[in-house]
Amino acid sequence: MDTIFTRGPSLNNRLTLALVLSVILIFVDHKLDGFKSTRVYLNSFMSPLQYIANLPGLMLSESAQRLTSQEQLLAENQKLNNQLLLMSEKVQQFDVIAKENAQLRELLQAPIRVSSRKMVAELMAVDKNPYSQQVVINKGAIDGVYLSQPVIDDKGIVGQVTEVGSTNSRVLLIADVTHAIPVRSLRNDIRFIATGSGALNELYLEHVPHSVDIKEGDTLISSGLGKIFPEGYPVAKVTNVVRDESRPFARVIVTPVASLDRLRHLLLLWDTTQGDLDADGESREQAVNEDESTNA
């Protein structure tokens, strides 16, 4: 007696058909980007499940915080007060330096840098793929998040936004093998390109000649080139320089200053300078249109 499982094409034909369809879907997604909008909808659809999955961890964290002893709270409070006093002293110095810098820029007729808009985000999930260094945060399009938006933590640059959903977003870390960021040395202003190695604690500097003045301990900051990451944020420190004359370039290994393996709270940055430029461009265009209508 024939069963229902023996009807239809053979198992080999089914496997071949499934493989062919998989290859077609992969080609359409990778080359033609045909499922970009679908991924956004799926990401928005899955965001409530991610919030529900994070709920037990949040409850345990709050319970652990409530069980903290009074002595620990008093010690932490004293420590925070000491840090606040030290930071207040530094802020006073920074205020004086900022005023002097503004005066010098006014004398030189140079534009004054405007502080960018910021927003705190919280880590929701980490990509389980060992070949991809990505995380998911709890801010999305309704919060004004946009593609390629820079993300930092309390120590330095973390990465940039690559996918935006309605309530969450995906961030590509600077340690990912597909990521590159233009940097410069804080000591001598020499520019480099730092690329991810796939490991959270290691980056590479690309195409560094043997004669370049770089050494262990140098601090690398964002150069501002590429119009993605703002200038002046810490990126990495040089940990190893190997100058092998048998190779065309030196091998330079740097360590990210951001705690990529212990991320919890992140900071999203907005480029207000770009926004001002856009506003100026729109006003100039409106002025030209008004002039044309007046002349007509």
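1. Leucine 17 belongs to helix α1, which spans residues 11-31. In this predicted model, leucine 17 has a relative accessible area of 54% and is therefore exposed, the cut-off for that term being over 50%. Together with Val20, Leu21 and Ile24, Leu17 makes up a nonpolar patch on the surface. The accessible area of these residues together is about 360 Å².

2. Strand β5 covers residues 169-173. Four of its five residues are buried, so the strand is largely enclosed by the rest of the structure.

3. Which strands pair with β5? Strand β2 runs antiparallel to β5 and is joined to it by four bridges; isoleucine 137 is placed opposite serine 169 of β5. Strand β4 (residues 157-164) also pairs with β5 in the antiparallel sense, over five bridges. Here valine 161 has valine 171 in β5 as its bridge partner.

4. Two backbone angles deserve attention. Most residues other than glycine have a negative phi. Serine 148, however, has a positive phi, near 65°. Serine 148 sits in the loop between β2 (134-137) and β3 (150-152), and its relative accessibility of 31% makes it partly exposed.

5. Lysine 227 is likewise not a glycine, and its phi is positive at about 60°. The residue is located in the loop between β9 (219-222) and β10 (234-242). Is lysine 227 buried or exposed? With a relative accessible area of 72%, lysine 227 is exposed.

Notes:
Residues are numbered from 1 along each chain as its sequence is written. This is a predicted model: local features need pLDDT of at least 70, side-chain atom pairs count only at pLDDT 80 or more; totals for chains, interfaces and linings use all residues. Side-chain values use heavy atoms; hydrogens and water are left out. Helices (H or I, at least four residues) and strands (E, at least two) are DSSP runs, numbered from the N terminus. Buried means under 20% relative accessible area, exposed over 50%, partly exposed in between (1.4 Å probe, protein chains only). Patches are made of residues with over 30% relative accessible area and no salt bridge: like charges are joined within 9 Å, nonpolar side chains (Val, Leu, Ile, Met, Phe, Trp, Tyr) within 5 Å. Accessible areas come from the Shrake-Rupley method with a 1.4 Å probe; for residues, only the protein chains shown count as cover. A salt bridge is a side-chain nitrogen of Lys or Arg within 4 Å of a carboxyl oxygen of Asp or Glu. Two strands pair if DSSP finds at least two bridges between them.
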